[in-house]
Amino acid sequence: MEGWVPNQNAHPYVPKRYVRYGISGRRKEISKKKCVTKIFQGSIVLFLVITVVINITFILETSKKFKYQPTEKDRIENSVKEDAGGNGQHIEVQMSQAKSLLLEVVSSREVVSISVDGTGVVHNEGFDKDRGIHIVVLNQASGSVMAKRVFDTYSQNEDDEMVLFLNMISDGRIVIFAIKDEGTFQMKKPAREFLAHMGSEYVEGLNWRDMWAFIAVKGGKKIVEGHSKSASLSSWGDKVTLTSHIPLISQKESECDWPDTEVNRRRKAFCNKVEGYGSVCSCTQPASLEFNPKPLEDGRQLDGVPVAVIASDRPHYLYRMLRTLLSAPGVPPPYLITVFIDGYFEEPQAVTKLLGLRGIQHTPVGTGNARISQHYKASLTATFNLHSQAKYAIIIEEDLDVSPDFFNYFSQTEYLLDQDKSLYCISAWNDQGYEHSSQDPSLLYRIETMPGLGWMLSRNLYKEELEPQWPSPDKQWDWDMWMRNNLIRKDRECIIPDISRTYHFGSKGLNMNPYFQELYFKKHSIVTTPDIRLKDVDKLKKDNYEELVKNLIQNAVTLNHTLDPCAENFIPDTKNSTYILYINMTSAVDFVTWKQLAKCYHLWDLDVRGFHKSMWRQFLKGNHFIIVGVPASPYSDLKPKDIIPVYLEEKKTVAKS
């Protein structure tokens, strides 16, 4: 401090509290700031008071509306206004505004849309997809969507499927219909009468490419309907638009008064959420959800064999299949049954829970056939991981009915997989097992193709061979075609029954349509009784089967090979005889003659299946009928020397100019 010298030019320090406001402008500025602050604070208080008042008013008004119960007159009376512009039809229905839904429906050539309170539940654009009648079912208490379906009533049998679905809907539900593109070509009289009974005034007169939309209460009355006729066969009707306010009822009114049990709690949760399951949700006579099938005879059982159910977004198929599965004698306990769902779909999971089973949803991987393939792989992997002690597993798809003899069949054949390493799988399905070509429920075959459709495989086969080399997601391969490839199969064979223990009923899927189902699957046979005692099971082992087949061929009656094999009288009108036909087959992959025979015998003819060493076995006209390919089959040596194998040329389709 000794060297410190005061700054002569510095101002003296004065504490702020002693500042004199001698300058009037400074004092005014501070006063203004205080006023602005007080005004701002007052505005906030006023805003909060107004907000509180508005909220209290809203709560009081809402309470009044919720207490209001609409009368029948409120629900049904409406006024119809038609668009005077003449460009299509716009129908608006005004109903009670208390606790109601606003529905908007559009039917047109390229667009169908259905919205509930401004939220789109169906919006489908594009001329080349989802043609037909779109149906949405709403809960009459909550307005939630309970079901959505599309029925291509341009195609065969879709109208029957639609009527079946509508019959399964509970009374009181709100049902919405809208046509996209065309929906009448295959809509027959029973379907039209059903819709007329629901209140439709236009359905009897619906014709080719007419547009139509309809809203009704199931078991009640029509709410509103719109129709626009097509002017000619080459044109479409104008767009139809419906707008309607529909009052809701109380939740209590919409529910059934079932006894409070664990099963009925599952039922109630299900029936409040989804629709179209008929007596499951009946208030008076609900379908039983408890299955108590009898055990297998003689104490046989499938000890610890898990069942993997392969499912997607076809919940009605899944429900039908699971009921037959759970009703079959010898069904494993629920902890051994798992439903694997390809995607995060709510309704298949709801069906699974309804029936007291475990459902596992997979994140889809890949597209098309690759997606299906990856779903199978994930399901098989999860099955063997969940059941680490299981030596075998049964795989079954959601679109199959299960025979009462299903588990009995596997219980008698399971041991073959353990004792015969030349076996690949055991299947419950016979590709050639039609009503006219199968006869003996106790008879088994060995075949080189892998049928699937309800089958058993071993853990060792899957974990050691199939899983490591399963096709990757970028491969658009059918998983079953891949498994049939001999590079994978390695000359191993599958056991199949003469009459199948499953029945394929699904008519919709990635590789399935109603026409295909009608042509190739509808007339398949299925065993309908339990406890079939299989015969000669030990003779299905590799060496034993060769001896059995040779004996059959040696004792068979050789047919007249100079006759047309497709003629009605080629196979004699006898019963329970064994006949043999030798056909030309230059190599193991020369199927020219076989394919022609398959067509004229109405067997599976899309590709070649069901053979063992170039030999086929089936029943025709009530007789065991054997076909042997010469010289491809080792059984050619048993052919009489004077017999010339039959050769049928492939029929070529001549293109029309």
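Begin with the open sheet of eight strands, ordered β14-β13-β12-β15-β19-β17-β20-β18 with mixed pairing. Strands (E, at least two residues) and helices (H or I, at least four) are DSSP runs numbered from the N terminus, and two strands pair if DSSP finds at least two bridges between them. This is a predicted model, in which local features need pLDDT of at least 70 and side-chain atom pairs count only at pLDDT 80 or more, while totals for chains, interfaces and linings use all residues. Residues are numbered from 1 along each chain as its sequence is written, and side-chain values use heavy atoms, with hydrogens and water left out.

Select 358-362 and 444-447 next: these are β14 and β18, the edge strands, each with a single partner strand, so one side of each has no neighbour in the sheet.

Then select 423-427 and 493-497, the parallel strands β17 and β20, which three bridges join. Isoleucine 426 has isoleucine 495 of β20 as its bridge partner.

Proceed to helix α10, residues 406-419, which packs on the sheet and touches β12, β15, β17, β18, β19 and β20; contact means heavy atoms within 4.5 Å.

Now show Phe270, Val309, Leu322, Leu325 and Phe625, the residues with the most contacts inside the largest nonpolar core, which has 101 residues. Such a core is a set of buried Ala, Val, Leu, Ile, Met, Phe, Trp, Tyr and Cys residues joined through side-chain atoms within 4.5 Å, where buried means under 20% relative accessible area (1.4 Å probe, protein chains only). Apart from this core lies another, of 46 residues, including Ala147 and Met198.

Conventions. Buried < 20%, exposed > 50% of the residue type's maximum accessible area, 1.4 Å probe, protein only. Axes fitted to C-alpha atoms, helices over the stretch in contact; angles between N-to-C directions.
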